[in-house]
Amino acid sequence: MFRAKILLPLLVALTFFMPLASIASESPAIDTGTTAWMLTSTALVLLMIPGLAMFYGGLVRTKNIMGTMMHSFVAMGIMTVLWVTFGYAMSFGSNVFGGWFGWNPDYFLLRGIDESILEAGVPEYVFAMFQGKFAIITPAIIAGAFAERVRFKGYCLFIALWGILVYNPLCHWVWAEDGFLFNMGAAGAIDFAGGTVVHISAGVSGLVAVLMIGARKGFPKTALSPNNLVMTMIGAGLLWVGWFGFNAGSSIGSGLATAQALTVTQTAAAAGALMWMLIEGWHQGKATGLGFASGILAGLVAITPAAGVVQPGGAMILGISASTVCYLMIGLKNRLGYDDTLDAFGIHGVGGIVGALALVFFIRDSWMAEAAASAGGSWTILDQLYVQAAAVGISALYAAVVTAVIILIVNKTVGLRATNDEEMRGLDHSFHGERGYGNLNIG
Amino acid sequence: MKLITAIIREELLEQVREALIAAKIERITIARVSGHGAQKTEVYYRGEKVIPNLIPKVRLDIAVNEDFLETTIDTILESAGGENPQIGAGKIFVTNLEDCIRIRTKERGEEAI
């Protein structure tokens with residue numbers, strides 16, 4: 001069903017070349033039930049961004065809380081404007097430059113979709129806005145990797161360039177009908193709701209960014225403690241809630257596939273959270289709230305690519321595997337000494353890779369049968385694993401290389417890394433002239 | 001024994017703390033406070049220039065033996081003032097300290113500091 005995500009805009013694009021009168025008579029009728037759910041999903045995915053702001057904001061030191069929350073919030077501004085202007089055209093237009101990204105002049109400023117209704121019975125505006133939320137959250141996730149040490153101006157330029165040069169092409173490759181990963185193998189690389197496009201690309205880009213701009217001052221010797229874990233817990237909760245829009249909404253429908261995605265999302269998150277708690281209990285003797293929240297995220301990230309093809313049993317194993325591998329990875333990070341501050345790579349990158357690869361072992365039979373039919377006979381788990389590995393490898397490599405170039409450019413122009421003084425005074429004082437909590441003082 | 005109470009700009013806390021640690025003064029207590037001083041720096045609030053009423057500051061409490069008094073004061077002066085200190089950089093108060101008791105060992109006086 002993941003294919004459903006993209007069939008629609010192209011069909012609509014075709015109708016644009018017809019006279020207006022014929023559109024009115026031939027375009028599908030609005031399905032109010034499906035439209036209502038897609039509107040809800042769109043709102044739910046947007047809810048994840050303040051959720052992410054709270055999750056990240058609570059984890060940094062007091063002096064950086066406003067700066068860190070602004071990293072998520074400003075993405076809502078920048079990425080929305082870019083998406084409406086030409087991001088949707090780049091992602092869901094037809095192949096240009098050999099399929100590097102898409103383009104459709106009708107989608108510029110969304111002018112051509114004012115009255116279009118997709119085959120699923122949903123106004124195309126809803127689909128475009130739903131997809132736009134994914135373009136917002138992806139660069140905002142990267143901010144967790146280099147938290148507490150980047151300049152605001154540099155960050156803004158970085159996410160704008162990253163959205164244009166990394167997100168839009170990847171989104172096109174994986175989700176547009178003529179994207180090359182969408183068509184790889186018998187039935188395409190499986191990425192239901194953004195395991196490669198969102199989580200692997202953001203995680204890997206975060207890792208590259210961290211390796212290029214270096215660690216925070218004082219890392220890893222000094223404890224750089226969270227300022228408000230209560231807020232982090234609420235943020236993790238909001239992310240879980242919002243994820244139903246993210247995954248179940250990605251069916252671009254309101255039916256069986258939606259229910260399947262919703263069920264495995266809940267299952268994987270719960271299994272991931274419990275697994276993290278068990279590992280911590282065994283390893284450290286105490287179950288931390290932050291660990292539980294991390295397990296929720298690891299499970300959710302891992303089920304994201306798989307939500308359309310696995311069943312609850314598989315979802316549980318994906319959640320458990322993701323938590324285990326992410327926990328080990330974070331331990332490894334501390335040994336290797338790179339400062340992925342809020343584990344954007346450790347959870348989103350690694351969890352995404354686990355989900356995108358391990359899902360092949362749990363694909364429901366009907367999907368495999370369809371794939372075999374379209375491959376003309378047989379299609380094995382290993383065949384699909386090869387396709388998944390190729391999709392993961394290509395996305396990771398592309399995101400890594402382009403991110404490196406963008407960071408070089410941003411560092412040479414406005415500067416991404418904060419100076420020593422700016423970092424010591426904190427992002428809030430240095431770049432925003434505000435404080436998150438000082439206002440609680442008398443006066 | 002003296003008790004040094006220093007009121008400094010909140011954003012300079014890290015700088016002062018690191019300088020103190022470098023000078024081997026590692027036992028400090030810190031609090032967020034607000035107060036009035038001579039500072040009239042204008043700040044922006046919702047686009048309007050306003051003079052803050054009570055200004056948030058950070059207070060450091062450091063108990064020292066006589067030998068460490070001048071080092072501590074110099075370190076704070078240097079790190080919280082810098083080369084060109086502005087109004088609002090804060091103050092250092094020094095008071096006599098009658099006694100000091102370490103709870104764990106019940107040691108008293110200079111030993112306990």
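Which residue of chain B forms a salt bridge with A:Arg435, and how far apart are the closest N and O atoms?

1. A:Arg435 pairs with B:Glu10, with 2.5 Å between the closest N and O atoms, a salt bridge being a side-chain nitrogen of Lys or Arg within 4 Å of a carboxyl oxygen of Asp or Glu. Between chain B and chain A the count is 2 salt bridges. On the side of chain B that touches chain A, the elements that give two or more residues are α1 (13-22) and β2 (29-35) of chain B, where helices (H or I, at least four residues) and strands (E, at least two) are DSSP runs numbered from the N terminus.

2. This is a predicted model, in which local features need pLDDT of at least 70 and side-chain atom pairs count only at pLDDT 80 or more, while totals for chains, interfaces and linings use all residues. Residues are numbered from 1 along each chain as its sequence is written, chains are lettered from A and ligands numbered from 1 in the order in which they are written, and side-chain values use heavy atoms, with hydrogens and water left out.

3. The contact (heavy atoms within 4.5 Å) draws 11 residues from chain B and 12 residues from chain A. In chain B, the residues that lose the most area to chain A are B:Glu11, B:Glu14 and B:Arg32, together 42% of what that side buries, buried area being the accessible area (1.4 Å probe) that two parts lose on being put together, summed over both.

4. Within chain A, α7(A) bends by about 25 degrees at A:Ser201, the bend being the angle between axes fitted to the seven residues ending there and the seven starting there. Just after α7(A), A:Gly214 takes a positive phi of about 90 degrees.
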